[in-house]
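Hello,

Here is the structure I promised to pass on. My notes on what turned up in it follow below.

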Amino acid sequence: MSVSEFTSADYEVIARDYADLKEAARKRCANQTELDVVQKAFEFANEAHKGVRRRSGEPYILHPIAVAKIVVSNIGLGYKSIAAALLHDVVEDTDYTVDDISNLFGDKIASLVDGLTKIKTVLDNEDKAKKKSIQAENFKRILLTLNDDVRVVLIKLADRLHNCRTIEFMPEYKREKILSETMFIFIPLAHRLGLYEVKSEMEDIWLRYKEPEVFNEITEKINRNIIDKEKEIDAFIIPISNALKAAGFNFEIKKRVKTPYSIWHKMVTKNITFDQIYDLYAVRIIFSPDQDAKETERDQCYHVFSIITGIYKYKSDRVRDWVKHPKSNGYEALHCTVMSHSGIWVEVQIRTRRMNDIAEKGIAAHWAYKKDGFVSENDSEMDKWIGKVKEILVDPDVNALDLLDMIHNDLTSSDIFIFTPKGEQKSIQKGATALDFAYMVDPEIGTRAIAAKVNMRLVPLSYELRTGDQVEIITAENEKPKREWLQFLHTRKAKNLVMEYFQGERQESIKVGKKIVEEQLASVGYRLDEKTVAAMIEGYEIFEGDADELFFRVGLGVLKLNNLEEIVKSSGDARTDKARPWNFNWFKGKDKGRDDRDRTENYVIGSEDSKYKYVIADCCKPIPGDSVVGFMSSDGTVTVHKKSCSVANSIAAKHGDRIVVPEWKSMDTGRSFLVRLSLKGFDRMGIINEISRYISLVMSVNIRRFYLSTEGGVFEGYIDLYVHDKEDLEKLTRKLNKIEGIQSVVRSDL
């Protein structure tokens, strides 16, 4: 931020932006008195931030105005939240106090501003010996506000969205930190709270900066497709519209195209190309249910479904009934995918106006309808989730980093529906086992469980449950928890209860764990000493513990020693001989708390005169040309990840102070990188020889592994091969796509 006199142009922009906010607020405020509070908050904030500018050079007050507009337009909150959004930086950035806000605007608005200020306040100097994460502690503060008023979290999400919109003005290392935090916590949080618009916009911004080439390519293809298919979609809608009118429905129909991020995510997770995404288009039918009809709201949705599927053939495995079983974030709708008369697949979403409000505004709309007396069978799901978060937050045994992982896992997990022997429906995390269910029902039942019956069939306790399963737990009076249970338990509650049981046998577990650690270290050529233990404590993020805690977790089987060799390399100079001789150009910025590195210089990492070394991350295996981010360990070694790597996002979300931004500086043509290409197509005689001959002879590329399987005239498989850089890979991909019979060639994870 900087301070300078505002120009007449600045004042014009402020007046224009506030006029837009005021118009949006007018529709949400119940009366002139509420609108006056918004006006007063603007005038106060405008004076408090007078002369102050953001990094972009624009007047600072434009930021709180923008946050307030998101609060009212995208989230649907009322005048107190709008006022709090306008005031959210006043206490932090000026001499005004929370008491001043309380005196002027009342206790509730002051408490919202106070909650937002506490979130923003950076903690005092941490105890470096414990290696706590400032970011993790701040996320804990954000979630703790759920105990007081969920509106604080919603306003914070609006604040984060606007910071993402203006992220281009941030230094790159800080941009990486913000984007990673956003993907790790804020996007899942927005999803869990039902804020679809906020979530989707943050996802697209994340992709635009993490994978700019991919984002631009997908956006261009979407725009071309919209032009090509616009008339076809309009023609698709006409018969539906006519049929619904004839049936007496009061409705509107909206067209929607998948977002760039959702397309990219599907391409990456399913190893498909843009052209293979058949549900690119969606038509949303929003209707007002007939309150006087004998049919319930749900039944009227099914009636609309029957009308549509009477016109078009539908794909039975693509029906999603979130009317009968709403999502845990409150989302209710009926989805189906149908084939148009012109031969394109179109997803149809069926919602009532209430369902649509909840889908667009999330928890705010959900509670507004609940307050107005509308009760749906999903009302308790959101409350259950918030209750579960509160339970985690107040657990004194959970440190901030563990909590961050728990919340992330909980936010990104989905629930399945199962039934008790008496037919009572229960929801549990996807991936949960029969034993998780036993502990969820009653800890005593979990402790004494020996087996389960699922759909009347005997199964082990490790059986992974599926939606619709009917589960009965079989117990024995003298049964006790077993260590191996920790290998397959999925839910936090069940794991904690079993770990709690074994605390009494802690010393035995430590002894077992120490032996395992010694053996594993020996297998990769290291010995157990202070350096390797310290590296493991840091690498496996046991920041609140010591060597005994490390051994205890290993002994119980909770901690798997994944990537052990890579982690212990940081305990000494073992990386020196194996460091890869590539050059990076690293732009650095000011970093507080770890060391005195100057982020204003350019560094060449990996050169002979550099004190820094680097390794390529095994999780994403970036190659020259990829957008990359680095993380510096205490010994100066930089681990390089692709910017879009989920592991990199997790590290950056918790340890933003380690971020460096390397660039591929020069290319060593003698160095090759292993990549995987996934292929699909139509089988024909000689196609395998043609593919391998082209790769080896024409492109002079070394193949490490070649696997294809054929069934019914269609082949699918992958090729692992070595390339020099991304340009080589893209050239090879283009050439392979031209071979007769090949339908798609995409880069995929090894």
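A residue is called buried here at under 20% relative accessible area, exposed at over 50%, and partly exposed in between, using a 1.4 Å probe and protein chains only. By that rule, 51% of the 750 residues in the protein chain are buried.

Before the details, a word on what you are looking at. This is a predicted model, in which local features need pLDDT of at least 70 and side-chain atom pairs count only at pLDDT 80 or more, while totals for chains, interfaces and linings use all residues. Residues are numbered from 1 along each chain as its sequence is written, and side-chain values use heavy atoms, with hydrogens and water left out.

**Overall make-up**

The protein chain has 28 helices and 22 strands; these are DSSP runs numbered from the N terminus, with helices being H or I of at least four residues and strands E of at least two. Contact means heavy atoms within 4.5 Å. Among contacts in the protein chain between residues at least 6 apart in sequence, 67% join residues at least 24 apart.

**Two helix pairs**

Two packed helices are described by the angle between their axes and the distance between the axes. The axes used here are lines fitted to C-alpha atoms, for helices over the stretch in contact, and angles run from 0 to 180 degrees between N-to-C directions.

Helix α3 (residues 62–73) and helix α4 (residues 79–87) have axes that come within 7 Å and cross at roughly 155°. α3 passes α4 in a right-handed crossing. A crossing is right-handed if the near helix is turned clockwise from the far one by less than a right angle, and left-handed if anticlockwise. On the α3 side, P64, I65, V67, A68, V71 and V72 make the contact, and on the α4 side S81, I82, A85 and L86 do. By class, this contact has nine nonpolar, one polar and no charged residues. Here Ala, Val, Leu, Ile, Met, Phe, Trp, Tyr, Cys and Pro count as nonpolar, Asp, Glu, Lys and Arg as charged, and the others, Gly among them, as polar.

For helix α10 (residues 172–192) and helix α11 (residues 196–210), the axes come within 10 Å and cross at roughly 155°. α10 is therefore roughly antiparallel to α11, and α10 passes α11 in a left-handed crossing. Among the residues making this contact are E176, M183 and F186 of α10, and W206, Y209 and K210 of α11. The classes come to 10 nonpolar, three polar and five charged residues.

**Enclosed helices**

Eight of the 10 residues of helix α24 (residues 547–556) are buried, so α24 is largely enclosed by the rest of the structure. Its buried residues include E549 and R553. After α24 comes G557, with a positive phi near 95°.

Helix α26 (residues 646–654) is also largely enclosed, because seven of its nine residues are buried. N649 and K654 are among them.

**Around K643**

K643 is in the loop between β17 (637–642) and α26. What is its state, buried or exposed? With a relative accessible area of 8%, K643 is buried. Not counting residues up to four places away in sequence, K643 touches E172, E176, W206, Y209, K210, S627, V628, V629 and N649. K643 and S627 are 16 residues apart in sequence, with their C-alpha atoms 5.7 Å apart.

**Around I350**

I350, in strand β7 (residues 345–352), is buried at 0% relative accessible area. Leaving aside neighbours within four places in sequence, I350 contacts several residues, including F287, C301 and L334. C301 is itself buried, at 0% relative accessibility.

**Cysteines and backbone**

A disulfide is taken as a pair of cysteine sulfur atoms within 2.5 Å, and the count comes to zero. C645 is in no disulfide, and the nearest cysteine sulfur, that of C619, is 3.6 Å away.

Most residues other than glycine have a negative phi. M456, in the loop between β10 (449–454) and β11 (457–459), has a positive phi of about 70° and is exposed at 69% relative accessibility. K621 has a positive phi of about 45° and is partly exposed, at 26%.

Best wishes

Conventions
Angles under 35 degrees count as roughly parallel, over 145 as roughly antiparallel, 65 to 115 as roughly perpendicular and the rest as oblique.
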